Each structure stands twice: as structure tokens, then as C-alpha cells.
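These are my notebook entries on a structure that I am opening for the first time. I write down what I looked up, entry by entry.

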Amino acid sequence: VVANLKSWDLGEMLVTHMGSLHHRVFAAGWKTAGGRTTGFAHGNAYPYAYIPRDKINGSMLVFDRFVASSDGERDLTIQCVADSVRGFKPSCEVVSYAKPMYKPMFDCVRSKAVAPPKRVESVMIVGFPYDYFYSPTIPELNSLTFLHFELNLAATLRELGYKVIYKAHPD
């Protein structure tokens with residue numbers, strides 16, 4: 001792969017979903033062949049910004065720069081990398097967006113004088129992307145934990161009188 005990539009005029013590769021092994025391998029090849037790589041937080045990753053075992057899974061090692069969703073996520077990511085005990089210290093620059101991403105959206109929604117519905121009858125649950133993933137060192141991030149949570153959530157909502165619609169994650 002690297003030999004083929006070296007024949008290209010490589011610029012900067014933008015990479016999301018850093019937990020995907022396929023993305024990490026391709027980004028590593030891109031960087032090895034001379035291109036620059038910039039990684040982005042996948043979704044709202046703030047709750048997971050400080051999980052050393054997650055950040056140091058090889059993903060941060062292939063980035064020249066990582067863009068966090070907020071200043072707080074940036075700070076947590078930098079601290080997470082500094083606290084890593086695995087010996088792999090990424091040298092990528094960790095930055096955040098110049099302007100907040102979510103605050104303008106919340107302010108816009110909050111400014112609309114829209115009356116809430118009188119009665120919510122149905123609730124849709126969008127499921128976790130179930131796959132082969134399970135790690136005894138990350139018990140909070142495995143398919144069976146999320147399945148258990150979703151089943152309990154659906155049962156609780158039904159007990160409260162809601163119609164529950166379940167939609168599988170698009171992945």
C-alpha cells in the first residue's frame with residue numbers, strides 16, 4: 001500500500017472515527033508515504049476524551065494533528081496522552097475549533113419560542129452499532145453492555161406508557 005501511495009501527490013488526509021482499525025491502517029500508510037494526517041473526534045466524544053486505553057490504541061500515533069470538538073475535550077485529550085503508561089507518546093498537535101460548535105446550535109434552539117408537544121406518545125431509540133467489539137479492559141464500551149442498556153430503557157419506557165420504536169444504528 002505504501003509503495004502505491006508514494007507515487008501519488010499526497011496532501012492532507014482528514015480522518016474521523018479513529019477507533020476503526022481500517023482507518024488507522026490506511027492513515028498510517030498515508031503518513032508513512034509522506035502525507036499529512038488530521039484526525040477528528042467522532043461524534044460528541046467529550047465523555048470519552050479521557051480514557052487512556054482508548055486514546056493510545058494506535059490512533060493518535062498516526063496523526064500529525066488531532067481536532068477536538070471543544071477546548072475541554074482538547075485539554076482532556078492532552079492530559080490523557082500525558083498520563084499514558086504504555087510508552088507510546090503521540091507527537092501530534094491537539095487543537096480545537098476556533099469557535100464553539102454546539103453553543104450556537106443550543107442558543108438558536110433555545111431562542112425559538114416553540115411550545116413543547118402536549119403529549120409525547122412514541123419514543124425512538126437509535127441503537128448502538130453492534131459488532132464484534134468486546135474488551136475486558138473497557139467493559140463500558142462493548143455490545144452486550146449497550147444491548148442490556150437498550151433493553152432496560154425500552155422496558156422502562158413501555159412501563160411508563162410510551163410506544164417504543166427501535167431503529168438499528170446505520171453502521
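Which residue in β2 is the bridge partner of Val15? I looked it up and found Gly39. Before going on, I note that this is a predicted model, in which local features need pLDDT of at least 70 and side-chain atom pairs count only at pLDDT 80 or more, while totals for chains, interfaces and linings use all residues. Residues are numbered from 1 along each chain as its sequence is written, and side-chain values use heavy atoms, with hydrogens and water left out.

Entry on the whole chain. I count six helices and six strands in the protein chain, where helices (H or I, at least four residues) and strands (E, at least two) are DSSP runs numbered from the N terminus. Along the sequence they follow the pattern α-β-α-β-α-β-α-β-α-β-α-β. Of the 171 residues, 29% count as buried; buried means under 20% relative accessible area, exposed over 50%, and partly exposed in between, with a 1.4 Å probe and protein chains only. I also looked up contacts, meaning heavy atoms within 4.5 Å: among those between residues at least 6 apart in sequence, 73% join residues at least 24 apart.

Entry on β1 and β2. Strand β1 covers residues 12-15 and strand β2 residues 36-40, and the two pair in the parallel sense over four bridges; two strands pair if DSSP finds at least two bridges between them. On β1, Met13 and Val15 form the covered face, whereas Glu12 and Leu14 form the uncovered one. In a regular strand the side chains alternate between the two faces of the sheet.

Entry on Thr38. Leaving aside neighbours within four places in sequence, the residues in contact with Thr38 include Met13, Val15, Phe63 and Arg65.

Entry on β3 and β4. Strand β3 (residues 65-68) pairs with β4 in the parallel sense, again over four bridges, and Phe66 stands opposite Val94 in β4. Strand β4 (residues 93-96) has Val94 and Ser96 on its covered face and Glu93 and Val95 on its uncovered one.

Entry on helix α6. Which residues of α6 are buried? They are Ser143, Phe146, Glu150, Ala154 and Leu157. Seen down the axis of α6, these buried residues fall within an arc of 70°, so they line one face of the helix; the arc is that of the directions from the helix axis to the C-beta atoms. They pack against β5 (122-126) and β6 (163-167), while Leu144, His148, Leu151 and Glu159 are exposed on the other side. Just after α6, Gly161 takes a positive phi of about 95°.

Entry on helix α4. In α4 I found Glu73, Thr77, Cys80 and Val81 buried. Seen down the axis of α4, they fall within an arc of 95°, so they too line one face of the helix.
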